[in-house]
Amino acid sequence: MKEDRYSPGLEGIIAAETRISFLDTEHEEIVIRGYNLLELIRKVSYEAVVGLLLDEKLPDGSRQRELSQAMVQAPVPAPVYDILRKLPASMHAMDRLRTAVSALAGFDPEANSTSPESERLRAPRMIGQIAQIVANLTHIAEGREPQGFFPEYSFSENFLRAIVRRDVSAPEVRAFEQSLIAYVEHELPNSTFAARVVASTLSDAYGALTSAVASLKGPLHGGANEAVMYMLLEAKDVSGLDQLIRRKLSQKERIMGFGHRVYMRRMDPRAQLLKEVLHELISARGEGQVYADMCQRGEDIMRTEKGLYPNLDYYAAPVYYLLGIPIELYTPIFFAARSAGLLAHIIEQHRENRLYRPRVLYTGPRGLSI
Ligand code: CMC
């Protein structure tokens with residue numbers, strides 16, 4: 001094998017042919033089935049984007065109602081909640097979620113079907129179940145009963161209400177929904193790749209999703225959003241963040257929420273949009289300006305000192321904080337939102353499957369004898 005084919009971290013390697021999404025950095029556009037993600041965030045509902053991902057076209061009114069119903073009226077089997085109750089509350093929320101996603105397979109009679117059509121039909125229910133599990137993770141860990149979704153609310157309103165368990169305002173629901181769409185699909189990050197790799201053995205969608213939860217947990221990937229919030233809280237105010245970031249940089253530490261394999265030296269377009277969502281939320285609620293000010297200072301320092309820009313996780317964190325969402329749920333929410341994109345990739349992989357099986361550049365010894 002020629003050495004020049006090796007790319008550490010698979011940087012720049014094209015590892016899948018897809019009709020789902022593409023990060024067009026040249027034109028600064030995230031393409032989702034032909035549409036600009038930012039336009040989808042501004043103009044349509046999360047359910048509509050789920051329809052777009054699964055059906056390859058934006059749904060009409062009746063298909064959207066059908067999807068919404070399937071996602072909202074998807075009961076989580078009681079034994080899945082029983083399993084969650086038995087797990088130590090000290091276990092990371094993503095680990096509890098990973099266990100629950102895996103357990104869901106036991107209650108789906110078609111779990112082992114890798115037929116793309118069966119997977120497409122089951123996907124809305126799976127997305128709804130995952131969101132309900134995520135919404136209930138902290139409640140269960142703190143000894144409260146899980147709460148389901150209600151048909152009178154949209155998917156996003158249900159999801160937010162089930163997390164915070166209070167009435168939510170229209171601007172709050174819209175901010176949350178925009179974050180869900182921002183997270184819904186993003187080409188081939190580590191978790192999507194993990195899911196496609198697992199699916200390529202003709203293993204089932206639950207297994208592929210379970211591997212994606214494990215991947216997304218890492219702080220270099222989805223785990224960055226909770227890490228950002230812990231950093232903002234540790235810093236307390238603008239000058240605290242200024243000092244904290246400069247100290248971390250001098251100790252050669254990474255600052256969570258900055259940098260991206262694909263957008264490394266430019267702003268993640270989703271971060272810019274979530275920054276706007278944060279500002280809108282602050283003016284709707286009349287509080288939280290300190291988080292916008294801190295984020296701006298962090299952004300300025302990182303641009304000047306490192307030439308690095310924020311990614312989506314940087315601005316999603318304060319948005320979730322202002323919505324009153326427990327920090328341990330930030331990454332699980334990312335996964336719940338992304339489950340639609342992941343399922344689209346799993347379906348596509350099963351439709352046009354070829355087993356993933358790359359090679360290595362061997363640098364170990366040879367010719368040893370016993
Ligand atoms: N803070 C400080 N330095 C950084 C950062 C950062 N956040 N990100 C990259 N760098 C530096 C890194 O130290 C390296 O410098 P040098 O060449 O001097 O050693 C250079 O930039 C290139 O970094 P890399 O790790 O080789 O780049 P990568 O493409 O492998 O990493 C990344 C991409 C996202 C893992 C990285 O930028 C990072 O660790 N960011 C912080 C974690 C984060 O916010 N993750 C969320 C990613 S976006 C949403 C998602 O997918 O979940």
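Leu-241 lies in helix H12, which spans residues 238–250; helices here are DSSP runs of H or I with at least four residues, strands are runs of E with at least two, and both are numbered from the N terminus. The structure is a predicted model, in which local features need pLDDT of at least 70 and side-chain atom pairs count only at pLDDT 80 or more, while totals for chains, interfaces and linings use all residues. Residues are numbered from 1 along each chain as its sequence is written, and side-chain values use heavy atoms, with hydrogens and water left out.

Leu-241 counts as buried because its relative accessibility is 0% (buried means under 20% relative accessible area, exposed over 50%, partly exposed in between, with a 1.4 Å probe and protein chains only). Its C-alpha atom is 10.0 Å from that of Asp-293, a residue 52 positions away along the chain.

## The ligand site

The ligand sits in the largest pocket. A pocket is an open set of points on a 1 Å grid over the protein atoms alone, with protein on both sides within 12 Å along at least five of seven lines; a molecule sits in it if more than half of its atoms lie within 2 Å of its grid points. Of the 20 residues around the ligand, those that come nearest are Arg-254, Ile-255, Gly-257, Phe-258 and Arg-261 (a residue is near if one of its heavy atoms lies within 4 Å). The shell comprises 10 nonpolar, six polar and four charged residues, where Ala, Val, Leu, Ile, Met, Phe, Trp, Tyr, Cys and Pro count as nonpolar, Asp, Glu, Lys and Arg as charged, and the others, Gly among them, as polar.

Ligand nitrogen atoms lie 2.7 Å from a backbone N or O atom of Ile-255 and 3.0 Å from a backbone N or O atom of Leu-220. On the side chain of Asn-311, an N or O atom is 2.9 Å from an oxygen atom of the ligand. The protein buries 70% of the 930 Å² that the ligand exposes when taken alone (Shrake-Rupley method, 1.4 Å probe).

Leu-220 belongs to the loop between helix H10 (205–217) and helix H11 (224–235). With a relative accessible area of 71%, Leu-220 is exposed.

Ala-15 is in the segment before strand S1 (21–24). Ala-15 counts as partly exposed because its relative accessibility is 24%.

Notes. Polar contact = N/O pair within 3.5 Å; in protein donor to acceptor, adjacent residues only side chain to side chain. 1 Å grid on protein atoms, 1.4 Å probe; cavity = no way out; pocket = protein on both sides within 12 Å on 5 of 7 lines; lining within 4 Å.
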